[in-house]
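Morning, everyone. Please look at the sequence and the structure on the screen, and then we will walk through some salt bridges and the nonpolar cores.

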Amino acid sequence: MKIAIGTTNKAKTEAVEVIVRKYFEDSLFTHVKAASEVSDQPISNEETRLGAMNRAKNALILTDAELSFGLEGGVTEIDDDMYVCNWGALTVSDGTMFTAAGAQIILPKEIAQEIRTGGELGPIMEQYTKRRDIRQGAGAVGIFTQGLVSRQMMFEHIVSLLVGQYLFTFSQNS
């Protein structure tokens with residue numbers, strides 16, 4: 001089965017590949033830089049979800065895949081607190097789309113303030129931790145959970161939700 005992944009980010013591509021291989025034999029993966037068509041730093045669940053949906057749709061357009069995944073990380077505010085939020089979308093070549101969200105954890109006030117003034121979480125986390133490529137590995141979720149949940153693990157959960165919806169829907173139609 002041909003699978004498109006609408007990113008080249010390692011945490012996201014590995015998440016898709018790990019989960020998809022459990023359910024689909026002979027999967028061939030193509031990673032493409034698919035446009036999210038949202039801000040570099042999505043600031044709500046709605047914008048983050050839209051980014052994931054756009055990545056999935058655009059990756060499908062760029063490839064001849066049967067399934068296409070889009071994953072997007074963002075932030076959202078509840079009361080005076082800012083949380084990381086993460087969304088995924090799975091588009092099927094027939095146009096069917098599934099969406100799912102992942103874990104949300106609160107960000108420290110100083111990180112939230114930098115985002116509110118126009119910063120992007122990835123570079124802010126690199127400055128905060130003095131480490132490079134945070135979003136390719138642990139991610140903010142990995143840093144703020146002391147490594148108990150990595151960015152890849154969080155996206156694996158979202159991909160599992162997407163694949164589960166796909167399997168349920170298409171098993172009902174057969």
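Which residue forms a salt bridge with arginine 21? The partner is glutamate 17, and the closest N and O atoms are 3.4 Å apart. By salt bridge I mean a side-chain nitrogen of Lys or Arg within 4 Å of a carboxyl oxygen of Asp or Glu.

Some ground rules. This is a predicted model, where local features need pLDDT of at least 70 and side-chain atom pairs count only at pLDDT 80 or more, while totals for chains, interfaces and linings use all residues. Residues are numbered from 1 along each chain as its sequence is written, and side-chain values use heavy atoms, with hydrogens and water left out.

Back to our pair. Arginine 21 and glutamate 17 sit four residues apart in helix H1, so about one helical turn separates them. Helices (H or I, at least four residues) and strands (E, at least two) are DSSP runs, numbered from the N terminus. Arginine 21 is exposed, at 52% relative accessible area. Glutamate 17 is buried, at 10%. The cut-offs: buried is under 20% relative accessible area, exposed is over 50%, and partly exposed is in between (1.4 Å probe, protein chains only).

How many salt bridges are there by this rule? The count is five. Here is another of them. Lysine 2 pairs with aspartate 64, with the closest N and O atoms 2.9 Å apart. This one links distant parts of the chain: lysine 2 is in strand E1, and aspartate 64 is in the loop between helix H2 (45–62) and E3, 62 residues apart. Lysine 2 is partly exposed, at 35%. Aspartate 64 is exposed, at 56%.

Next, arginine 116 and glutamate 77. Their side chains meet in a salt bridge at 2.7 Å, N to O. Arginine 116 lies in helix H3 (residues 109–116) and glutamate 77 in strand E3, 39 residues apart.

Now the cores. A nonpolar core is a set of buried Ala, Val, Leu, Ile, Met, Phe, Trp, Tyr and Cys residues joined through side-chain atoms within 4.5 Å. The largest one has 23 residues, and Val16, Val20 and Phe69 touch the most other members. Helix H6 (151–172) is among the elements that supply at least two residues. H6 gives the most, with seven. A separate core has twelve residues, including Leu107 and Ile143.

Last, valine 16. Leaving aside neighbours within four places in sequence, its contacts (heavy atoms within 4.5 Å) include Ile3, Phe29 and Val159.
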